[in-house]
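Subject: A structure for you to look at

Hi there,

Here is the structure I promised to send over. Please open it next to this email and follow along as you read.

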Amino acid sequence: MSQTVERAIRALELISESPQHPTDVAASLGVHRTTALRLLQDLCQGGLARKREDGSFAVGYRLAGLAQSALEQFDLRTIAHPHLLELGRKLRLTVHIATVEEGRVFYVDKVDPQGGVRLYSQIGKAVVLHTSGVGKVILAYMSPEERAQALKGYSYERFTDATVTTADDFAAQLSEIRERGWAADDGEYEHFINCVAVPVRDGTGAVRTALSVTALKAQVDLARLQELLPTIRATAHTISRALGWTQ
């Protein structure tokens, strides 16, 4: 990837999170302010960014349209979304579905409860493998060779006191997940959030996708989320059948 394209992608990521001034973008990219400003202006000319009255830059309206068109091409999201909506309405909790591409796991869709708290996760963003329920489930069902490749050079960063920080401990956790058929995030990325996740199978029976339900611990603790597993598994099974799994 060329340096210019890499910088443009990073700039788009920054302004999609929140409006940014050229100085902030420059600091994040490690470039001079004029370089960042020129890049943002080029994005504006392409309709991917827009300049606001306060001098900051935000995402452009063309980018929103492209994003919507792109989402319509994702068969998994198209198939799964109605089932996520139904599960979200039933449980009144946040529901995610994620899948693996080139060794990385990305959120494909997300449904937040109406009137509830919106969580940090974003569609299209990569998950933190060693702290997320969906990441753990997908890794647990990978072949040893594919898992080793996905975790090659991986850094087990500590986010909370509950975060697993060694390869050996994580491997033991993945083995347990595969045996019991579900994973949890017990405050491992943010101490006040927990989730449970289950596998979703494709037409070949392979697990390349996972479904999770997430909640604030003060709202629903992990024990209660585990009680919801039969309902969550039923939705995962329905999506698997829609993807062609016949067992």
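Let's start with a definition: patches are built from residues with over 30% relative accessible area and no salt bridge, where like charges are joined within 9 Å and nonpolar side chains (Val, Leu, Ile, Met, Phe, Trp, Tyr) within 5 Å. The accessible areas come from the Shrake-Rupley method with a 1.4 Å probe, and for residues only the protein chains shown count as cover. A salt bridge is a side-chain nitrogen of Lys or Arg within 4 Å of a carboxyl oxygen of Asp or Glu.

Two notes on the source. This is a predicted model, so local features need pLDDT of at least 70 and side-chain atom pairs count only at pLDDT 80 or more, while totals for chains, interfaces and linings use all residues. Residues are numbered from 1 along each chain as its sequence is written, and side-chain values use heavy atoms, with hydrogens and water left out.

Now to helix 1. M1, V5 and I9 make a nonpolar surface patch of about 310 Å². V5 sits in helix 1, residues 3-17 (helices are DSSP runs of H or I with at least four residues, strands are runs of E with at least two, and both are numbered from the N terminus). V5 counts as partly exposed because its relative accessibility is 42% (buried means under 20% relative accessible area, exposed over 50%, and partly exposed in between, with a 1.4 Å probe and protein chains only). S16 is also placed in helix 1, and with a relative accessible area of 42% S16 is partly exposed. The C-alpha atoms of S16 and G60 are 9.4 Å apart, although 44 residues separate the two along the chain.

UniProt, in an unreviewed entry, lists residues 2-61 as "domain: HTH iclR-type"; its positions are given here in the numbering used in this email, feature names are shortened, and annotations may be inferred rather than shown by experiment. That span is 62% helix and 10% strand, and its end C-alpha atoms lie 25 Å apart.

How many salt bridges does the structure hold? There are nine. Side chains of opposite charge can pair when their charged atoms come close. One of the bridges joins R10 and E13, with the closest N and O atoms 3.4 Å apart. Both residues lie in helix 1, three residues apart, which is about one turn of the helix. R10 is partly exposed at 30%, and E13 is partly exposed at 38%.

Another salt bridge pairs E176 with R180, the closest N and O atoms being 3.1 Å apart. E176 and R180 are four residues apart in helix 8, again about one turn. E176 counts as partly exposed at 44%, and R180 does too, at 33%.

E146 and R208 form a salt bridge as well, at 2.8 Å from N to O. This pair links distant parts of the chain, with E146 in helix 7 and R208 in strand 7 (residues 207-216), 62 residues apart.

Finally, have a look at T160. Where is T160 found? T160 is in the loop between helix 7 (144-150) and helix 8 (167-180). Is T160 buried or exposed? T160 counts as buried because its relative accessibility is 10%. The T160 side chain reaches the backbone oxygen of G187 at 2.6 Å. Leaving out residues up to four places away in sequence, T160 touches G187, E188, Y189, E190 and H191 (contact means heavy atoms within 4.5 Å).

Happy exploring!

Methods: Polar contact = N/O pair within 3.5 Å; in protein donor to acceptor, adjacent residues only side chain to side chain.
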